[in-house]
Amino acid sequence: MAGQVLRLSKISFENYRPFKKMQIDFKNDKEKTMTIISGNNSRGKTSIMNGIHWCLYNTEPFWLNEGEGKPIINQQSLNETTLNNSTFASVSVEFSDDKGPRYEITRKLYARRLNDTTEKIFNSDACGQIDAGFSITQSCEYTERKKDGSWFATDDEKDMKLYVNKLLPEDLAQFVIFNGEMLDKFFRKEGSNNIKDGIERVSGLPITENAIGHAAKLVKQYSSKEAKNSGPEGTIIEQKKVALEQILEQLEEEQRKDETGLKELQVFEDKYSTALSKFPEQYIKGLREQLDREKDNKKTIESARESLRTQRSDLIISNLPKMILKDVLLETKEILRESELRKETPPVITPEFIDERLSEGRCMCGYDLSHDSEATQKLIDLKNSVKNSEIANIANEGKVVLASMKEYFESSKIKELLTDLAEQLNTIDEKQTQSDKTIQSIVETLKEHNEEEIKEIGRKLDDILIKKRKVISSMDKRDVRIESAMDTIRGYQSDIDRLSKLSKASQMWTQKREFAEKVTNTLRDIREQVLAVIRKDVESRTEELWKSLISRGKQVEKVEIDDNYKIRVIDKEGIDNLRTLSAGQTLYLALSFIAAVREVTDTNYPMIIDSPFGKVDGPARVLAAQILPGYLPDTQITLLVTDSEYAAEVTDHETNEKHPSIRNVLMSDSRIWKEFTLKLHDTSEGSSETIVKEA
Amino acid sequence: MSLASPQKEKFEFKFQKHASYDKKHYQIYNDLTRVTGSPFYRKEYTKIFITAMALGYKYDMKEKLVERSDSIPTAVFTTEEKWMMISIYMKKTNTTVSALWEPNEILKMAEEYANGGIQYLEMLYRQGANEDPINNMEDELMKCLSG
């Protein structure tokens with residue numbers, strides 16, 4: 001589709017993974033070409049990426065662990081599907097040009113419940129765990145508006161693959177829909193062949209390739225006739241040559257299969273190594289320490305809360321009986337007072353006290369008793385009357401206690417204390433809630449970074465690397481055999497040439513063969529020259545764009561791209577710096593490279609980037625956000641971002657300096673058309689689905 | 001009332017050694033002191049007894065004990081608590097200081113009110129199972145404070 005300007009105009013999902021029914025319409029605006037879709041983790045950003053890729057190419061390359069999770073069809077929808085009924089997942093992608101919708105691609109996956117077996121099995125068609133009782137079928141549809149305005153449509157999978165690859169070659173999809181965190185993988189040797197293949201496909205080179213193939217066939221035909229006409233020895237050599245060529249074809253076929261296998265292994269290696277790079281050991285250690293600190297903090301809060309709660313309980317428990325019995329206690333107090341007034345309560349005088357007064361011969365008032373027998377007798381009588389004065393003591397105790405309780409009866413004071421405690425408890429509850437949230441957040445992050453999972457990913461990566469080594473070793477050995485076979489074939493050809501010179505009959509075929517060989521070689525040269533021009537253009541444009549983006553640009557002598565599209569960053573000393581680039585520089589290099597390929601091949605596809613800032617942090621992240629709006633000014637760009645990546649203030653961890661959020665940086669540019677947010681929505685059936693809302 | 005009492009030569013206000021709850025209420029006494037969310041967690045049984053007694057008095061829930069536990073040491077009652085029991089007795093028997101001659105009768109009446117009130121206290125505790133049970137008790141206290 002070189003030369004075309006296509007814009008993504010609509011994507012719609014129905015029962016696809018977390019989406020029940022969701023549609024995003026994109027505006028075809030030449031000025032405001034940037035759309036933001038934000039959402040926390042597990043809200044469906046990766047599902048959007050995978051959904052588009054699945055719709056176009058029937059694969060979901062952005063999952064970390066294929067086949068271990070939920071199926072393509074929304075789980076709830078599957079659960080609700082009863083016996084002999086079916087449900088389906090559907091994704092549609094619509095591209096438009098200036099005249100309106102131009103291409104619409106739809107892929108559907110149907111599930112029909114044939115029996116009630118709920119045993120879960122992995123179903124490769126459903127791409128996940130699914131009840132064994134389901135039967136899965138798939139359908140697709142491709143529609144295209146033709147030049148005369150009529151519509152062409154096909155629902156044949158093979159045709160659709162052909163048309164979609166013509167529209168957007170799968171090899172070049174990585175320039176259209178990609179994960180920003182995996183951009184550094186562009187520059188690996190194994191991945192560069194894909195780029196080369198994709199560039200060839202959009203550059204019209206398959207036509208040249210077909211011509212080369214045709215001419216090569218003629219060479220073979222003429223060579224065979226040349227040999228047959230050069231005598232029996234030539235015929236025998238030709239037979240040997242043909243047999244060896246068949247073996248060579250087999251070897252080359254095996255080599256191609258291994259190359260494809262290697263590409264698939266590479267995809268997994270990229271995913272696993274990206275996942276591992278996101279979970280560095282030190283980061284997890286830091287998280288664990290933070291979790292321990294927060295747990296200590298929570299314990300302190302809980303202890304303070306328990307103390308406040310105890311204070312509140314004590315206050316209520318001690319005051320409730322008193323306040324219930326307030327009236328009756330006050331009455332008792334009054335009874336004791338009146339009883340004392342009526343002298344029903346004896347004075348608080350003990351017999352021992354009177355004994356002491358009698359032995360001293362002096363009354364408590366100071367009166368001398370020694371000469372007053374009458375008064376002495378009165379005191380002796382008093383002693384007898386107070387023999388039960390214990391009752392006076394207890395009554396007096398009651399008087400004192402009840403008097404002291406008076407202050408407790410002040411309702412306002414108790415209310416005040418209760419209010420104060422309630423406020424303190426509220427404050428501590430808020431602190432506790434905050435602490436719980438922090439712990440929950442760390443635990444969730446740690447879950448994502450589950451050590452077992454990390455080890456598992458590490459093991460998978462090791463397996464992949466072992467498989468890769470085996471495949472590469474096998475390919476290397478096969479390369480030797482291919483080289484050897486080709487040498488032998490060349491030897492046979494040389495023998496045939498020698499013999500044909502001796503036979504007049506074969507000379508005509510020799511001339512024809514030589515001419516066909518010249519044509520083949522000329523076509524190959526043309527193809528190589530075209531590719532070299534494209535590659536040089538990509539190289540110089542990448543260098544130009546990248547140097548304008550990075551501060552290290554002046555130290556970089558040049559950016560080199562070899563025949564296989566392997567990129568190198570050469571400094572003044574002639575040393576390749578690719579491996580020493582920072583995450584930010586690598587991101588900019590990848591974006592520059594993508595921009596260059598798109599410019600040079602004149603393929604103005606829309607671009608969808610997941611986690612564009614995921615690999616960079618601090619000032620580099622802010623710089624990336626400042627650069628993005630100006631990057632590929634005519635290209636429709638959709639960014640899928642996490643809330644923390646997008647809306648949080650950016651901190652420079654070295655200087656602790658605060659920078660504005662990515663959102664603030666991007667919003668200051670007028671290229672943003674709209675912001676969407678992916679949210680979890682609770683349905684009336686009590687489950688939840690992901691929906692998209694305009695921010 | 002006259003000070004002299006014909007029944008006793010020497011007055012001594014002393015409760016019997018143990019107060020009782022009805023054994024059928026053992027579980028709630030146990031739960032209230034042992035369940036961490038309880039307002040009476042790790043507190044003496046006397047606190048439950050007095051609160052139950054006050055609630056029993058308030059809502060006129062008085063119930064004779066069927067099987068005495070004889071397990072709450074009376075020495076643990078505070079002076080205030082002792083006077084709450086005395087006050088209820090005075091009120092309900094319409095007596096004055098003469099009531100002080102009858103410590104065990106005072107205790108018996110307190111036990112019967114506590115025996116009635118414990119059911120109401122249990123209701124307050126169980127109703128608050130989904131939130132802090134102390135909230136119901138606070139509501140009860142607020143009623144008294146507002147009244």
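Predicted model: local features only at pLDDT ≥ 70, side-chain atom pairs only at ≥ 80, totals over all residues.
1. A:Ser611 is buried, with a relative accessible area of 9%; here buried means under 20% relative accessible area, exposed means over 50%, and partly exposed lies in between (1.4 Å probe, protein chains only). The residue is found in the loop between β13 (607–610) and α16 (619–627) of chain A, where helices (H or I, at least four residues) and strands (E, at least two) are DSSP runs numbered from the N terminus. Phi of A:Ser611 is near 45°, a positive value in a residue other than glycine.

2. Residues are numbered from 1 along each chain as its sequence is written, chains are lettered from A and ligands numbered from 1 in the order in which they are written, and side-chain values use heavy atoms, with hydrogens and water left out.

3. Chain B also holds a residue with positive phi. For B:Asn94 the angle is near 55°, and this residue is not glycine. B:Asn94 sits in the loop between α3 and α4 (103–127) of chain B, and it counts as exposed, at 70% relative accessibility.

4. The fold of chain B may be described next. Chain B contains five helices and two strands, which follow the pattern β-α-α-β-α-α-α along the sequence. Of its 147 residues, 53% count as buried. Among the contacts in chain B (heavy atoms within 4.5 Å) with a separation of 6 or more, 75% come from residues 24 or more positions apart.

5. Aromatic side chains deserve a separate point. A pair of aromatic rings is described by the distance of the centres and the angle of the planes. Rings of Phe, Tyr and Trp (its six-membered ring) pair if their centres lie within 6.5 Å; planes under 30 degrees apart count as stacked, over 60 as edge-to-face and the rest as tilted. The count is 17 aromatic pairs over all chains. In one of them, the ring centres of B:Phe49 and B:Phe77 are 5.4 Å apart and the planes stand at 55°, so the pair is tilted. B:Phe49 belongs to helix α2 (residues 45–58) of chain B and B:Phe77 to the loop between β2 (72–73) and α3 (79–93), so the pair ties together parts that are 28 residues apart in sequence. B:Phe49 is buried at 0% relative accessible area, and B:Phe77 is buried at 8%. In chain A, ring pairs link A:Phe13, A:Tyr16, A:Phe19 and A:Trp54 into a cluster.

6. Charged side chains also meet rings. A charge sits over a ring if NZ of Lys or CZ of Arg is within 6 Å of the ring centre and within 35 degrees of the ring normal. A:Lys108 lies over the face of A:Phe88, at 5.0 Å from the ring centre. In chain B, the charged end of B:Lys62 is over the ring of B:Tyr113, 5.8 Å from its centre.

7. Which side chains form salt bridges within chain A? A salt bridge is a side-chain nitrogen of Lys or Arg within 4 Å of a carboxyl oxygen of Asp or Glu, and the whole structure has 51 salt bridges over all chains. One of those in chain A joins A:Arg357 to A:Glu360 (3.3 Å, N to O). These residues are three apart in helix α9 (residues 351–360) of chain A, and are therefore separated by about one helical turn. A:Arg357 counts as buried at 11% relative accessibility, whereas A:Glu360 is exposed at 54%. A network of salt bridges links A:Asp97, A:Arg102, A:Glu144 and A:Arg145.

8. The last point concerns the interface. The contact takes 48 residues from chain B and 41 residues from chain A. Together the chains bury about 3,900 Å², 70% of it on carbon and sulfur atoms; buried area is the accessible area (1.4 Å probe) that two parts lose on being put together, summed over both. Five salt bridges are counted between chain B and chain A, including one from B:Lys43 to A:Asp314, whose closest N and O atoms are 2.7 Å apart. On the side of chain B that touches chain A, α2, α3 and α5 (134–146) each supply at least two residues. The largest share, ten residues, comes from α5(B).
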